[in-house]
Amino acid sequence: MAGNWKMYKTPSETAAFFEKFKPLVANSSHCDIVICPPFVDLAAAVEACSGTHIQIGGQNLFWAKEGAYTGEISPEMLRATGSKWVIIGHSERRHYFGETDESSNKKILAALESGLRPIYCIGERVHEREAAKTHHILETQCMGGIAALTPEQFSQIVIAYEPVWAIGTGKVATPEIAADAHRCIRNQVRKAFGVDAAAACRILYGGSVKPDNIRGLMAQPEIDGALVGGASLEAVSFASIVNF
Ligand code: PGA
C-alpha cells in the first residue's frame with residue numbers, strides 16, 4: 001500500500017502525520033507500507049519511520065548521476081536520504097512535465113542501478129478509454145517503461161495502474177474495470193518475462209482509492225495493492241486503507 005502525497009505537506013506537517021499514523025499501522029504486517037512525500041519532507045519522513053516497517057520513497061528523480069540539471073534530484077541523492085522507493089511516470093508528470101515512456105525507462109534503469117525500487121505508473125486517459133484504446137495504451141506504456149530490463153531488474157519493480165480519469169476525481173474504476181486492466185498488464189509482463197515473473201509481479205490500482213472502496217478493489221485477485229493520493233494525506237484515512 002503506497003501513499004503519494006504529491007505537492008502537499010511541509011516537514012513539520014510530515015512529522016505530525018507520522019506521530020498519528022505509526023501507532024495505527026504498528027501491527028499491520030500483511031503488506032508493505034510506502035509513503036512518498038515531496039523531496040523536502042524525505043528527511044523528516046525517514047527519521048520519523050526509523051525502526052518501523054514503514055518505508056519511504058520519492059515521487060520522481062532524474063537519470064543522471066550528477067551534473068548541470070537545475071532543480072533535479074539524482075538517484076544517489078534520493079537513496080542517500082534513506083528512501084527505498086521512487087514513483088516513476090506518474091500521469092501528472094507525463095501531462096504537466098512532458099514525461100514519456102522513454103524518459104520513464106531511463107529513470108527506471110537509473111533508479112534500479114542505485115538500489116531504488118520503482119513504482120512505475122501507467123494508465124489511459126478518458127478519451128482513450130472511450131475510443132476502446134485502453135489495452136493498446138497499457139501495452140505500449142508497460143513495454144516502453146520496462147524495455148531493456150533484465151528479469152532480475154524487473155523483479156524489483158511494482159507497476160501501478162492509474163486510469164487518468166480516476167485520479168483525484170472521485171470516480172474510482174469499478175473493481176471489474178481495474179481487474180481487466182491488471183490482467184492486460186500482467187499479460188504483457190508474461191510475454192516479456194514469463195509466467196513466473198507475471199505471477200510474482202505486484203500491480204497496484206490507483207485513482208480515487210478511499211477507505212470505503214478499498215475492500216471491493218482488493219477482493220479482486222488481480223489487484224495486489226493500491227497507490228493512494230488524496231486519501232493518504234490523513235493518517236486515519238490511510239491507515240484504514242492499509243488495514244482494509
Ligand atoms: P488519488 O491519486 O488517490 O487522489 O486519486 C492517486 C494518484 O495520483 O496516485
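**Cavity, pockets and ligand site**

The largest cavity has a volume of about 30 Å³. The structure is a predicted model. A search of the whole structure returns one cavity of 30 Å³ or more. Its lining consists of Gly89, Ser91, Arg94, Cys121, Ile122, Gly123, Gln141 and Glu162. Helix 4 and strand 5 (117–122) are the elements that each give two or more residues to this lining. By class, the cavity lining has two nonpolar, four polar and two charged residues.

Two or more lining residues come from helix 4 (91–97) and from strand 8 (225–228). Helix 4 provides the largest share, four residues. The lining of the largest pocket divides into 16 nonpolar, 11 polar and six charged residues.

The ligand takes up the space of the largest pocket. Around the ligand are 13 residues, and Lys6, His90, Glu162, Gly168 and Ser208 come nearest. The shell around the ligand comprises four nonpolar, seven polar and two charged residues.

For glycine 168, a backbone N or O atom lies 2.6 Å from a ligand oxygen. A polar backbone atom of serine 208 is 2.8 Å from an oxygen atom of the ligand. For glycine 229, the distance from a polar backbone atom to a ligand oxygen is 2.9 Å. The ligand taken alone exposes 280 Å², and the protein buries 97% of that area.

The second largest pocket holds about 200 Å³ of space. Its lining counts 15 residues, with Met1, Asp32, Arg202, Leu204 and Asp224 the closest to its centre. By class, the lining of the second largest pocket has 10 nonpolar, two polar and three charged residues.

Methods. Residues are numbered from 1 along each chain as its sequence is written. This is a predicted model: local features need pLDDT of at least 70, side-chain atom pairs count only at pLDDT 80 or more; totals for chains, interfaces and linings use all residues. Side-chain values use heavy atoms; hydrogens and water are left out. Ala, Val, Leu, Ile, Met, Phe, Trp, Tyr, Cys and Pro count as nonpolar, Asp, Glu, Lys and Arg as charged, and the others, Gly among them, as polar. On a 1 Å grid over the protein atoms alone, a cavity is a set of points where a 1.4 Å probe fits but cannot get out, and a pocket is an open set with protein on both sides within 12 Å along at least five of seven lines; lining residues have an atom within 4 Å of a point. Grid points are joined across faces, edges and corners, and a volume is the space filled by probe spheres set on the points. A residue is near a molecule or strand if one of its heavy atoms lies within 4 Å of it. A polar contact is a pair of N or O atoms within 3.5 Å; within protein, one must be able to donate a hydrogen and the other to accept it, and residues adjacent in sequence count only if both atoms are side-chain atoms. Accessible areas come from the Shrake-Rupley method with a 1.4 Å probe; for residues, only the protein chains shown count as cover. A molecule sits in a cavity or pocket if more than half of its atoms lie within 2 Å of its grid points.
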